[in-house]
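Here is a set of questions and answers for a student who is starting to read protein models. Please keep the picture open while you work through them.

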Amino acid sequence: QFVESGGDLVQPGGSLRLACVASGFNLDYYTIGWWRQAPGKEREGVACIAASDSSTLYADSVKGRFTISRDNAENTVYLLMNNLKPEDTAVYSCARAPHFSMRPAWYDLYGQGTQVTVSS
């Protein structure tokens with residue numbers, strides 16, 4: 001399972017770092033993705049990082065502002081979020097996939113998530 005943490009209330013332009021700790025399986029073999037869901041909206045992929053070479057993919061809406069990274073020794077994936085905007089408000093969760101892709105059908109084992117609220 002995944003356990004996410006680091007969500008908070010932050011002002012526009014602020015930063016947060018989310019963490020996602022995996023247990024019960026080895027992160028080394030999976031692409032890990034961060035997903036978010038805002039009230040009344042469908043879940044959307046934010047970023048993912050490959051198991052093999054730590055290649056990354058980002059949604060256009062977060063490119064240049066968010067950075068995904070992984071520490072396999074700690075079984076943890078991070079999401080550093082800078083220059084946060086109100087439209088980034090959502091519950092953020094992580095999930096795993098067997099391939100390097102943001103294709104939703106390949107992801108499973110979503111965590112409960114952590115709430116990020118961007119508001120002045």
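Predicted model: local features only at pLDDT ≥ 70, side-chain atom pairs only at ≥ 80, totals over all residues.

Q: How many aromatic pairs does a search of the whole structure find?
A: A pair of aromatic rings is described by the distance of the centres and the angle of the planes. Rings count as a pair here if their centres lie within 6.5 Å, and the search of the whole structure gives a total of 4.

Q: Is the pair of Phe25 and Tyr30 stacked or edge-to-face?
A: The ring centres of Phe25 and Tyr30 are 5.4 Å apart, and the angle between their planes is 85°. Planes under 30 degrees apart would count as stacked, whereas an angle over 60 degrees has another name. The pair of Phe25 and Tyr30 is therefore edge-to-face.

Q: Which residues do ring pairs link into a cluster?
A: Phe25 is buried at a relative accessible area of 15%, while Tyr30 is partly exposed at 23%. Ring pairs join these two residues with one further residue, and the cluster consists of Phe25, Tyr30 and Phe2.

Q: How many residues apart in sequence are the parts that the pair of Trp35 and Tyr110 ties together?
A: The rings of Trp35 and Tyr110 form an edge-to-face pair, because their centres are 6.1 Å apart and their planes stand at 75°. Trp35 belongs to strand β4 (residues 31-37), and Tyr110 belongs to the loop between β9 (90-97) and β10 (114-118), so the parts that this pair ties together are separated in sequence by 75 residues.

Q: Is Trp35 buried or exposed?
A: A residue counts as buried under 20% relative accessible area and as exposed over 50%. The relative accessibility of Trp35 is 3%, so Trp35 is buried.

Q: Which residue has its charged end over the ring of Tyr110?
A: Tyr110 is partly exposed, with a relative accessibility of 25%. At 3.6 Å from the centre of the Tyr110 ring lies the charged end of a side chain, and this side chain belongs to Arg43.

Q: Which backbone oxygens does the side chain of Arg65 reach at 2.9 Å?
A: Arg65 is found in the loop between β6 (56-58) and β7 (66-71), and Arg65 counts as buried because its relative accessibility is 8%. Not counting residues up to four places away in sequence, Arg65 touches several residues, among them Leu80, Asn83 and Asp88. At 2.9 Å, the side chain of Arg65 reaches the backbone oxygen of Ser61 and also that of Asn83.

Conventions
Residues numbered from 1 in each chain as written. Heavy atoms only, no water. Phe/Tyr/Trp six-rings, centres within 6.5 Å; stacked < 30°, edge-to-face > 60°. Buried < 20%, exposed > 50% of the residue type's maximum accessible area, 1.4 Å probe, protein only. Helix = DSSP H or I, 4+ residues; strand = E, 2+ residues; numbered from the N terminus. Lys NZ or Arg CZ within 6 Å of the ring centre and 35° of its normal. Polar contact = N/O pair within 3.5 Å; in protein donor to acceptor, adjacent residues only side chain to side chain. Contact = heavy atoms within 4.5 Å.
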